Amino acid sequence: MTPTELLEESLRLSLRESCAKLKRKGIKLLAVDFDLTICAVHTGGVGRIPKDSLRPVMVALLEEAEAANLTTCVATFHSNADAVQHIISQYVKLHEPIVVRGAYTEQLEGSPIGGKSRQIYSAWKHLFGHDDVVKWDRVLLIDDDEKNVKSIRNLGTLGIHFQAMGSTEDFVNAFQSIATTQKTKSNGKLRTWKEVFSPLCCFMY
């Protein structure tokens, strides 16, 4: 049984609908962390990646995002981006190879410093063209490290803080809610918004 087949169909359907809503909402790039997010273990950024370590919910998410034409990349601190891309290509049913930006991603001119901004900036330029201005409020990052989520949020980016001990249902609910919640402004600034679905899974504006 593949990681995809392990996910309940109702949860996959929710991911499918949420990806379509995010696309209509104007999200242009879904960036997903690897260690402890797509992958259930922390690989330490090196070495072999266990084939059975990919989370079924993340496998389904990547597949449903592609089906919804929601452009996706992997933003990771893993030192071997090729190994990450290889394991995903083996166990995630995608028509096109996913773009992976790892620890050694070049700091391009104009790229912010901190968190996963370097990886996301590089992936955006690769996917949409070097002359295309990065629209940070059109990016959604999913990451197990809250520091990365907070860092990217300062650029106006949506973020879901994924924690390994949270349930699959918690994550799907968070993803669904962020797909249906509209950004609002207060005093001309984006309002910081946070809702905790469990002590272990939350998302932020």
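Here, a residue is called buried when its relative accessible area is under 20%. Keep that cut-off in mind as you click around this predicted model.

**Stop 1: strand β4**

Select residues 139-143. That's β4, and five of its five residues are buried, so the strand is largely enclosed by the rest of the structure. Show the side chains next. V139, L141 and D143 point one way, while L140 and I142 point the other, and every one of these is buried. As a rule, side chains in a regular strand alternate between the two faces of the sheet.

**Stop 2: the strands paired with β4**

β1 and β4 run parallel and are joined by four bridges. To find one of the pairings, pick V32: its bridge partner in β4 is I142.

Then bring in β5, residues 158-162. This strand also pairs with β4 in the parallel sense, over four bridges. Here, look for L140 standing opposite L158 of β5.

How do you get from β4 to β5? Color helix α5, residues 146-153: β4, α5 and β5 together make a right-handed β-α-β unit.

**Stop 3: the largest nonpolar core**

Select F34, I88, I142, F171 and F175. These residues have the most contacts inside the largest nonpolar core, which has 39 residues. The largest share, seven residues, comes from α2. In soluble globular proteins, nonpolar side chains tend to be buried together.

Zoom in on F34 and list what surrounds it. Leaving out residues up to four places away in sequence, F34 touches C39, T43, I49, L54, V74, A75, T76, H78, V84, I87 and I88.

There is also a second, separate core of 14 residues, and A31, A75, V99 and W124 are among them.

**Stop 4: C73**

Finish on strand β2, residues 72-75, where you'll find C73. Is C73 buried or exposed? Its relative accessibility is 0%, so C73 counts as buried.

What does C73 touch? Again not counting residues up to four places away in sequence, the list is L29, L30, A31, V32, I98, V99, A123 and L127.

How values were computed. Residues numbered from 1 in each chain as written. Predicted model: local features only at pLDDT ≥ 70, side-chain atom pairs only at ≥ 80, totals over all residues. Heavy atoms only, no water. Buried < 20%, exposed > 50% of the residue type's maximum accessible area, 1.4 Å probe, protein only. Helix = DSSP H or I, 4+ residues; strand = E, 2+ residues; numbered from the N terminus. Pairing = 2+ DSSP bridges. Right-handed = clockwise from strand over helix to strand, strands pointing away. Core = buried A, V, L, I, M, F, W, Y, C linked by side-chain atoms within 4.5 Å. Contact = heavy atoms within 4.5 Å.
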